[in-house]
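Okay, thanks for coming, everyone.

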Amino acid sequence: MAEKAKLLVDKELQIAPVDKRVYGSFIEHLGRAVYTGIYQPGHPAADEDGFRKDVIELVKELGVTNIRYPGGNYVSNFFWEDSVGPVEQRKKRLDMAWRTLETNEVGLHEFAKWAKKVNSDILMAVNLGTRGTADALNLLEYCNLDTNSYYADMRRRNGQDKPFGIKTWCLGNEMDGPWQLGQKTATEYGRLAAETAKAMKMMDDTIELVSCGSAHVAMPTFPEWEATTLEHTYDYVDYVSLHQYYGNQDADCADFLAKTQDLEHFFHTVISTCDYIKAKKRSKKTLNLSFDEWNVWFHSLDSDNTEMKERPWQIAPALLEDHYDFEDAILVGLMLITILKHADRVKMACLAQLVNVIAPIITEKDGPAWRQTIFYPFLHASKYGRGVALMPIATSGKHDTSKHEDVTDVESIAVYNEEKEEVTVFAVNRNVDEDVRFEVDLRSFEGYQVKEFTVLEHEDIYATNSALGEKVAPKAKTDYVFDDGKFEATLKKISWNVIRFGK
Ligand code: AHR
């Protein structure tokens, strides 16, 4: 057994309140996310609006707080007017991002209705690829204004009397990416985003805006992109975006699970860059992070490229349908812990995506909806990770992997929910060879007892779930000791652990 790991939990040592918006997700008009995903009239589970009730229930179970829409790459040539008005008159459009045919059967009004059904807010993105400031203003007026003006009146004519009241808006998507329609240099994007942000806040000063960060950490222009674009946008925006997907292309589990070291580094670099611009501008405002695309993504990459190349312009083909295995769930758990460790600066995060497309929920077109392995760590964090993130005063053994050094065996964090008088510890043992004894010292939480010890563990790192059943599902454990405010148990090698304490 590896060296014992310890976590000291003290209610006075706080990082910050966990912003509930870190439990966000993402629906893009891509693959089967919308059509045969959230929406499938005629399916036995469809409701009166054509939305699948089985999916609605699973999304509600996950407790998703806000959903980014409608893209992603899709937004960079999105003509929002095509997605409103009488459905039978809506234009069918070629989606250049994913080389599919978009029917616009589900548009802004339908999505807003669905978001209400799942109790989520919308994080709306504007097209700064092939469009610009005027179009962003038109969409904002359509969504948020109660004026007697052209676009607000159009919304009313389309059946929505009161504004949708969308609070948070992304200024484009991954605008540095060569794959993006309307890709821009940092200066081009910075100027356009700043002018758009300024105009949007002149129209509605209650909104919050997200400036586009680099498409991912390995972009050659990272972090120069952040520094240059924020020089322009800093005064007008509230967040900068980060996107990051990880994969295990080398089938090297130990190294795969070490990748949150890179995520830590990514967060620190973006935070430092924001703070550098803050200092340069002598600004009083601190910019926060919107980690609005994150997940594991690699299983489907090759087949997707073939599909898009060889069979373009289909309606809702199966794209980006990664079937996640057990080790993917563990990395998702580690990414959630990393997000919580940065609760002081990461204020929004979107698990990308939500249904069918690199998603925790999969639908069978002629069958049920089911939970992928990654569903569970997100569910636990979203359900129990509400409150204040406590500083992890942690010790753990360490190991090296093929590309990472000094990787902690156990990563852990506690969240204190004062209102519910609960403390929840999330812990991952990412040592692939050895179990680890784990001690939680709850010294400042007098009278607290163990409520539940739940784990996700499996002998086979490649185990997956399917419509036929869940090989990977949480189970309750009782083999722990709790004495004098100290909890102790063995964390199985490669496991996600949730320990709940309460009065
Ligand atoms: O989530 C899938 C895609 O990944 C998004 O459309 C894009 O923003 C990112 O590259």
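When I say contact, I mean heavy atoms within 4.5 Å. Quick housekeeping: this is a predicted model, where local features need pLDDT of at least 70, side-chain atom pairs count only at pLDDT 80 or more, and totals for chains, interfaces and linings use all residues. Residues are numbered from 1 along each chain as its sequence is written, and side-chain values use heavy atoms, with hydrogens and water left out.

So, what is the protein divided into? We've got domain 1 (5-9 + 390-502) and domain 2 (19-384), with bounds that come from an automatic or database domain assignment. Their C-alpha centres lie 30 Å apart. On the domain 1 side, 41 residues are in contact with 35 residues of domain 2.

The area buried between the two domains is about 3,200 Å², and carbon and sulfur atoms give 66% of that. Buried area here is the accessible area (1.4 Å probe) that two parts lose on being put together, summed over both. Of what domain 1 buries against domain 2, His404, Arg430 and Trp496 supply 19%, more than any other three residues.

How many salt bridges does the rule find across this interface? Three, a salt bridge being a side-chain nitrogen of Lys or Arg within 4 Å of a carboxyl oxygen of Asp or Glu. Elsewhere on my list, Lys403 forms a salt bridge with Asp250, and their closest N and O atoms are 3.0 Å apart.
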